[in-house]
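Please keep the viewer open while you read.

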Amino acid sequence: MLSAFARRLLYPRRIASLPATFSRYSSTSAGLKPPESLSEGELGIYNKLTDRFTPSQLQVQDVSGGCGTFYAIVIASEAFTGLSTVKQHRLVTETLKSEIEGIHGLQVRYVHPL
């Protein structure tokens, strides 16, 4: 039997359990400015992903209780069209390489562009 922590690592697509406030950290248009409510860490991730992928939808939230060690991301971008989930994840982790060095975990969910 797997522990809850191991299940979260093995099944990272379970974003449905995120708090209801998650939507306030999102943008559904590449032309919009990031929400003012983003923390410094969330804003850094948001800006890097926006610059690199021009997403049609992007949600970033620190789900570690505010200490900046675990982030949940939902992203939709035409840049991911035709790519496997593994290739999409590699692109995101390469883009966030410097941020990943200082955090404990990253949960990324890829959705179809709007």
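Helices (H or I, at least four residues) and strands (E, at least two) are DSSP runs, numbered from the N terminus.

Before going on, a word on the model: it is predicted, local features need pLDDT of at least 70, side-chain atom pairs count only at pLDDT 80 or more, and totals for chains, interfaces and linings use all residues. Residues are numbered from 1 along each chain as its sequence is written, and side-chain values use heavy atoms, with hydrogens and water left out.

Which residues of H2 are buried? They are Glu42, Ile45, Tyr46, Leu49 and Phe53. Viewed down the axis of H2, these buried residues fall within an arc of 100°, so they line one face of the helix; the arc is that of the directions from the helix axis to the C-beta atoms. Gly41 also lies in H2 and is partly exposed, at 27% relative accessible area. Its C-alpha atom is separated by 9.1 Å from that of Gln61, 20 residues apart along the chain. After H2 comes Thr54, with a positive phi near 40°.

The largest nonpolar core has 16 residues, of which Ile45, Leu49, Leu58, Val60, Ile73, Ile75 and Val92 touch the most other members. H2, strand S2 (57-62), strand S3 (70-76) and strand S4 (105-110) each supply at least two residues of this core, and the largest share, four residues, comes from H2. A nonpolar core is a set of buried Ala, Val, Leu, Ile, Met, Phe, Trp, Tyr and Cys residues joined through side-chain atoms within 4.5 Å.

Thr95 belongs to helix H3 and counts as buried at 16% relative accessibility. Leaving aside residues up to four places away in sequence, Thr95 touches Lys48, Leu49, Arg52 and Phe53; contact means heavy atoms within 4.5 Å.

## Confidence

pLDDT is the predictor's confidence in each residue, from 0 to 100. For the protein chain the mean is 80, and 71% of its residues reach 70 or more. The table gives the elements with the lowest and highest mean pLDDT.

| Element | Mean pLDDT |
|---|---|
| Strand S1 (residues 26-27) | 52, the lowest |
| Helix H3 (residues 85-95) | 96, the highest |

Over residues 13-25, pLDDT stays under 50. Where pLDDT is low, the predicted coordinates should not be read in detail.

Note on methods:
Buried means under 20% relative accessible area, exposed over 50%, partly exposed in between (1.4 Å probe, protein chains only).
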